[in-house]
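Let's walk through this one in questions and answers. Have the sequence and the model open as you read.

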Amino acid sequence: MEVQITRTKLIKPSAPTPPHLRILKLSPVDQIQYSIKPAALLYYPADGSAGAEEVERRINRLETSLSETLTSFYPLAGRYIEDCNWIDCNDEGVEYFVAKVKGCRLSEVLSRRDEMIDQLSHLAGGGFTSPVLSIQINMFDCGGLVIGIRVSHHLFDGFSAACFITSWATASRIGGIDDREVISPTFDLTSFLPANGLRLPMMKPRPPLMGTDNGVTKRIVFDGAKISALRAISHDPSFPRKPSRVEVVTALIWRAHMGVSLAKHGCLRTSLAAHSMDVRTRIVPPLPPSSCGNLVSRATARFVAAENCAGNTEVPELKGLVGLLIGSMTKCKETAVKREDVFPTLLRTRNELHEAVEKGEVDVFMFTSWCNFPAYKIDFGWGKPVWVSRIHSGYEAATFLDTEGGDGIEAWLSFNKQEMPLFLQDKDILAFTSQEAL
């Protein structure tokens with residue numbers, strides 16, 4: 001697959017940002033995010049009407065509607081000023097690429113998804129550039145389109161990114177901005193959530209995997225039937241509720257990671273499974289709808305190994321790990337947080353994990369779920385995507401996405417290259433994942 005960039009430009013908001021909105025001060029939680037631009041790719045197949053002229057019309061409509069959407073999402077057209085911890089909302093523009101894909105039809109990419117993972121980053125664009133948002137529109141000769149989107153983690157979490165993409169798609173589909181249908185975002189979390197002189201911790205950067213010989217990303221698929229079976233065998237009458245599909249898949253992957261750690265260290269170690277959780281619905285009093293920024297806490301389940309290392313040679317039962325995850329995720333979902341406590345709470349959960357990582361005495365596995373985001377409903381005017389994907393990640397973590405049908409889970413795993421084969425051969429991973437994904 002050869003990707004040729006044919007156009008590069010900066011897309012500015014269709015209306016200038018008012019002077020009083022020029023500086024967006026980042027919240028304490030925004031400030032300590034890593035300087036990364038996570039990517040999402042949306043795949044739209046060719047249809048019978050998509051000749052060259054129609055594809056070009058779609059490209060132009062994407063550009064126009066993006067400019068219109070940026071009027072509301074104006075910080076995305078600005079620049080991150082690291083020394084000042086703010087976004088200069090100067091309307092300099094979003095980085096926008098148009099590319100042609102040669103030597104491969106979109107159907108070939110879709111039929112060889114796992115083989116293509118290492119090449120998907122070429123469809124995302126703008127990974128290491130300064131604009132807050134980068135977008136790449138990839139045109140296949142067959143008429144198919146892939147839209148690659150990268151946004152700085154200093155400004156947006158997954159919820160915020162989903163708000164933007166949904167608004168852009170709506171503007172493209174209906175032919176303009178309609179306040180009744182397009183999301184009206186709010187920024188400047190610091191005006192709603194007091195920091196009260198909160199001191200920020202000095203955070204060490206996450207160990208990089210991207211671009212080294214040690215990191216590899218794999219995609220494994222849990223279909224709806226396998227997840228139903230997994231939920232059935234993982235439930236215990238003592239649990240306060242039935243486990244969710246995200247909880248049982250997390251437990252299975254966590255347990256397989258424990259097996260890898262056991263083989264590596266010769267004994268079972270204390271282990272943490274940390275899931276990113278949106279806190280917007282827990283804040284009292286509530287924030288305005290569609291508040292954008294980083295409002296993510298960590299629900300951390302802890303398995304404590306026995307002190308006698310020599311006796312720890314068996315990974316725990318899956319059901320026990322599911323119970324730990326239900327406890328941690330239920331507590332995180334149901335505990336209300338006062339506005340004045342939001343930033344201290346989020347910073348505390350982050351610090352606890354970093355301290356565990358730095359000490360090196362426990363294993364820490366990071367999880368993020370994009371499940372239930374409306375990704376497969378994103379219609380720019382020519383239908384919904386047939387696939388939504390990530391790309392190779394620069395850090396060790398697991399990210400969950402819905403399958404197209406909505407009842408399964410695609411798990412994107414970035415892991416140590418030497419240890420990944422052992423993980424993939426775990427008996428439960430083999431039993432509960434679609435074999436073609438391996």
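Buried here means under 20% relative accessible area, exposed means over 50%, and partly exposed is in between (1.4 Å probe, protein chains only). Helices (H or I, at least four residues) and strands (E, at least two) are DSSP runs, numbered from the N terminus. This is a predicted model, where local features need pLDDT of at least 70 and side-chain atom pairs count only at pLDDT 80 or more, while totals for chains, interfaces and linings use all residues. Residues are numbered from 1 along each chain as its sequence is written, and side-chain values use heavy atoms, with hydrogens and water left out.

Q: How many residues of helix 6 are buried?
A: Helix 6 covers residues 245-265 and reaches 30 Å from its first C-alpha to its last, close to the 30 Å expected at 1.5 Å a residue. (That expected span is 1.5 Å times one less than the number of residues.) The helix is mostly covered, and the buried count is 17 of its 21 residues.

Q: Which residue just after helix 6 takes a positive phi?
A: Helix 6 runs over residues 245-265. Just after it, a phi of about 85° belongs to Gly266.

Q: Which elements do the buried residues of helix 4 pack against?
A: Helix 4 is largely enclosed by the rest of the structure, because 12 of its 17 residues are buried. Among them are Phe164, Ile165 and Trp168. Counting contact as heavy atoms within 4.5 Å, the buried residues pack against strand 3 (39-44), helix 2 (52-70), strand 7 (133-140) and strand 8.

Q: Which residue caps the N-terminal end of helix 4?
A: Look for a side-chain oxygen that lies 3.4 Å from the backbone nitrogen of Phe159. At the other end, helix 4 is followed by Gly175, with a positive phi near 85°. The N-terminal cap is Asp157.

Q: Which side chain makes a polar contact with that of His154?
A: His154 sits in the loop between strand 8 (145-151) and helix 4 (158-174), and is buried at a relative accessible area of 3%. A polar contact is a pair of N or O atoms within 3.5 Å; within protein, one must be able to donate a hydrogen and the other to accept it, and residues adjacent in sequence count only if both atoms are side-chain atoms. Residues touched by His154 include Leu26, Tyr80 and Asn294. The polar contact, at 3.0 Å, is with Ser35.

Q: How many disulfides are there?
A: The rule asks for a pair of cysteine sulfur atoms within 2.5 Å. The sulfur of Cys332 is 16 Å from the closest cysteine sulfur, in Cys371, so that is too far for a bond. The disulfide count is 0.

Q: How far apart in sequence are the parts that Asp88 and Arg22 tie together?
A: A salt bridge puts a side-chain nitrogen of Lys or Arg within 4 Å of a carboxyl oxygen of Asp or Glu, and Asp88 and Arg22 meet in one at 2.4 Å, N to O. Asp88 lies in strand 5 (residues 86-88) and Arg22 in the loop between strand 1 (2-11) and strand 2 (23-25), so the parts they tie together are apart in sequence by 66 residues.

Q: Is Arg280 buried or exposed?
A: Arg280 forms a salt bridge with Asp278, with the closest N and O atoms 2.8 Å apart. Asp278 counts as partly exposed at 34% relative accessibility. With a relative accessible area of 11%, Arg280 is buried.

Note on methods
Lists of a residue's contacts leave out its neighbours within four places in sequence.
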